[in-house]
Amino acid sequence: MGGEQDERKMYYRKTRKGKVFNVVRERYLRDDVGLGTLVGQAMIRDEAQLAGVLGEEHMLESGVREILVLDTNVVLKQIDVLEKDDCAPFHNVVLCDTVLGEVKKINLGIYNRVLLLLRDDKRCFIAFPNENHRDTWSVQRKGESPNDYNDRLIRDVTKWYRNQVEPAGIAKVKLLTNDRKCKELAIKEGLSAETIHAFVDSISSKYPELSDLLAQPTEDYDQREQAAGSRVAKFAAHLSEPEITRRLQAGTVTQGTFRVSPYNRKEGSIMVYSRDGTGKKILIRGFASMNRAMEGDRVAVSLVSRKEANLAAKVTSGEADDNEVPEATDGLLDVEAVDPESATLVGTKAPTVVDTPSGYGVVVGIIKRAWREYCASVDELDATREVQSENVLVVPVDQKIPKIRIRTRQLDAIKDKRILVSIDSWDRYSNFPDGHFIRTLGVIGDRETETAVLLHEHDIPTRAFSKKVMKCLPREGADWTVTEENSKGRVDLRHLPICSIDPPGCKDIDDALHFRMLENGNIEVGVHIADVTHFVRAGTPIDQEAANRGTSTYLVERRLDMLPGLLTTDICSLRGEVERFAFSVIWEFTPPVMDESRDRAGVGSKKQKTDGSKMSDGENNDGRGLRQVNVRFCKSIIKSKAAMSYGEAQVFLDDPTAMGELPNSVRMLNKVAKVLRQRRIDAGALTLASPEVRFKLDNDSHDPTDVEMYQHKETNALVEEFMLLANITVAKRIVERFPRCSMLRRHPKPDKEMFQELLKATRIAGVELQVDTSKELADSLDLATKPGVPFFNKLIRILTTRCMMQAVYFTSGEYSPSEYGHYGLASSIYTHFTSPIRRYADVIVHRLLAAAEGIDPLPESYEGKEGMKELSDNLNRRHHMAQLAGRASIALHTVVFFRNRTTDTIAMVSRVRGRGVVVVIPEYGIEGKINFTKTDEQAQIEFDYDEDEMSLVHKETKLKVSIFDQVKVRLFVETRTGYRQNLVVSLLDPPIPMVSASISGNKPEKEPTIVENGKAEPEKKKKRKRSSRKK
């Protein structure tokens, strides 16, 4: 038996550049493909072999097994049901190529989940190549729609499988489809077919939990629309896909990615970009105008006037107040629900958002949904009600997402839990989207549960490394050593006084340094970086996994590695007294000359080379020496003399009596670092700040026992300077060799308008910031002091950081060299080279540098512009999400720490609003909001708010609070009704009275609980009809 050519299709394809070429596609049909394949095993050749692999846990009443053939819709919509562990009825499944191909085309994420099911040894998921089987393939009939054609192919697979296995008594075959027409045709053709909902209902007595996992069928919503009758629509109908396309072409609507305001759930926006790259913000006000658009959706928007937008904003849709963004957060994780990168203190604008809208609009259609799985908890009203109902609302952790209605029979079991839910649909007759329960994550408030929540919400990969990835590791495992054979071509640097300096307890040591005097009187400085690319070859499974993860993620109590632990903490880590492979950058400099009195005064040339480039004689005539003579790059073998912590290395700087090669080397490295640092500062490099927190954890429980602001040591700055020097030097080298495809990192200059609110605030404090250039900004930040208030300068630097644009990875071919610059570092070019164990961008740069030096060939994929752009986009997203996850972990552990610790401390006001203030607490690095009133209307009655002076005065007592005031606050954790907790910051001094409110347990009409001066005001629970939970 063999194959025969069945058909040849030829069509023309046009590339993005306009080139047209013809594509010929041939299909070979065979009769020797058996009954399909179990992934990772041999083909199932006959009925007897099939009988041996089918699971026997689920048997029909007749005593035979059952095989389910699934259609595309069932796989796409009911993947959570299929993934349910220990559910025997779904263990014998056939997935044909038609279904797999459609799923891959429609939703790659679900396709990858299906692949995991196919590889699961505990299940019998069979991949059947129906499109290459002579008996199950047929061409599309004239007039047959693509959907009907695919459904027919799936029915043919069901029929063929039935004819093979049922006569032999091996199993019964059933088609599961939620397409009414397909089911009716299947039954007409004599096949056993039913909906997945009917199938789940038939086994619900034994598997009751499956009902909660079911997504509601699309037909239910279609019928609901038709049967709405006298029901009032809450939203306008969405335009059809063809109509959206027509209007986009006509220019009567525009499109963009919908973003919900982090400060007001009733507002959203899209950015519309012109061909020259300039962006316009279209503001969408009110739930009616948002028209069921959700965060991240690609939407079609029709422009309206400002007057129309304001009128729409006043329109309420049913229970719209249930979607208000809480001012006091509901759970441990919720304190990080608002993106910290977008947060604005002292009124400064978010760096990536245009504040003033260029127009107003309404959503008229959804082009592509961005729905995902959401972490949530049961709405408090539903969790505490006495009358049980299958329909309940759940509140997502992400405050930008509306409440979601789910059906569940296990309310008592999940009402105090964090759960995972998915959205199925949102019809225009409902205030809320409909979804379904997926699984329970754990009890609300439990540290492990909340950590799982923050990892999921920030899309941090947590799965174990696959077998394919682990097979890429050295066969010797932890016994791997440097040998003469595996180190051929490397430069032996084991004789050098190399050492590493890292945070205490660091195990993934990326970098090490050395210093030595040369015979010609010059000095040699080396930066040695773990040679990860020796073990992670381009295009291998381990490389693909690292590229997807993008970065390691650092939480308070754990680290989620980009690479397997064998590499990160062992054979790549530059541990002390162990031979390791490295990629080394070695400079020769003239000796440094330090005049500390002059450097403190800021004297020096303003035209310094600060980026590590080669300097000619006479250049950089600042009297500090340290002229670069040359630089070289090499793959090397090193043996670190010591792996020190910052504190251990600091001892060598603080104790001049400490003698020996290592102490002297550290002191000389510090001397060189000071010169490098001063030159960067002279050029305008910024020294900014963020409220960094450090926890001490219990050895057994890992709960925090102490928290404090992180203190930087001189050795932190020492290491930083050499990492910057290496990154800049490598960036120049790779761009010199590969000007179109080098991976770089740029930090655009911020617009001056981003500083406006900060400038107003500092003027009130008697401080003038100059923001025309980075040099002027750096110099004026040094002068921004307040006598007797040492934290004032750090707070100004923190607020200045909030005005910055975000640094991003990019490919050199995307921008002109004049746009490569890094504003914060005052460098014309920059990249990341020094942390390949934890950042994939550095892995790319290592390969570029190796190719530039002729050590290894450049991977072919790096020469493609689109591929590199896709890589850099993923790295930017992963890097950003890892940062947010780290901050969320800090917020979580802060709440855990203060659970049983009511603490009074000093804070500084960083922002004044109409009804409250935002404060920063230096001792703990915590930021908190204190509201004096519940509503803006109450604030206008009780307080005088001076926006120009950034102050708030209580009318009756004349007590006043202003920007940058030092105030006394109290920190404590409040436990709300049932189980929710949040960290409360309340004002003690000045003792500004708070507007009192009822504590009867009723819910205010428009806003949820606000914690005022340390006292929780319970929600006024508005009566609502139970029928609103049902359709």
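Predicted model: local features only at pLDDT ≥ 70, side-chain atom pairs only at ≥ 80, totals over all residues.
Okay, H5, which covers residues 108–118. Now, which residues of H5 are buried? They are Ile110, Tyr111, Val114, Leu115, Leu117 and Leu118. Those residues span an arc of only 155° around the axis, so they sit on the same side of H5. And what do the buried residues of H5 pack against? Quite a list: helix H2 (72–77), helix H3 (79–82), strand E4 (92–96), helix H4 (97–106) and strand E5 (124–128).

Next, two helix pairs. Take helix H21, residues 646–654, and helix H22, residues 661–683: their axes come within 9 Å and cross at roughly 85°. On the H21 side, the contact uses Ala649, Phe652 and Leu653, and H22 brings in Leu662, Pro663, Val666, Arg667 and Asn670. Sort the residues in this contact of H21 with H22 by class and you get six nonpolar, one polar and one charged.

The other pair is helix H27, residues 840–852, with helix H28, residues 865–898. Here the angle is about 145°, and the axes are 10 Å apart. Tyr840, Ala841 and Ile844 of H27 meet Met868, Leu871 and Leu875 of H28. By class, the contact of H27 with H28 has six nonpolar residues, no polar and no charged.

Two single residues before I stop. Thr800 is in helix H26, residues 791–801. Buried or exposed? Thr800 counts as buried, because its relative accessibility is 0% and the cut-off for buried is under 20%. Leaving out residues up to four places away in sequence, Thr800 touches Leu688, Phe755, Leu758, Leaving the list with Leu769, Leu777 and Leu781.

Then there's Pro503, in the loop between strand E20 (499–502) and strand E21 (511–517). With a relative accessible area of 38%, Pro503 is partly exposed. How far apart are the C-alpha atoms of Pro503 and Ser645? They are separated by 5.3 Å, with the two residues 142 apart along the chain.

Terms used:
Residues numbered from 1 in each chain as written. Heavy atoms only, no water. Buried < 20%, exposed > 50% of the residue type's maximum accessible area, 1.4 Å probe, protein only. Helix = DSSP H or I, 4+ residues; strand = E, 2+ residues; numbered from the N terminus. Arc of directions from axis to C-beta. Contact = heavy atoms within 4.5 Å. Axes fitted to C-alpha atoms, helices over the stretch in contact; angles between N-to-C directions. Nonpolar A, V, L, I, M, F, W, Y, C, P; charged D, E, K, R; others polar.
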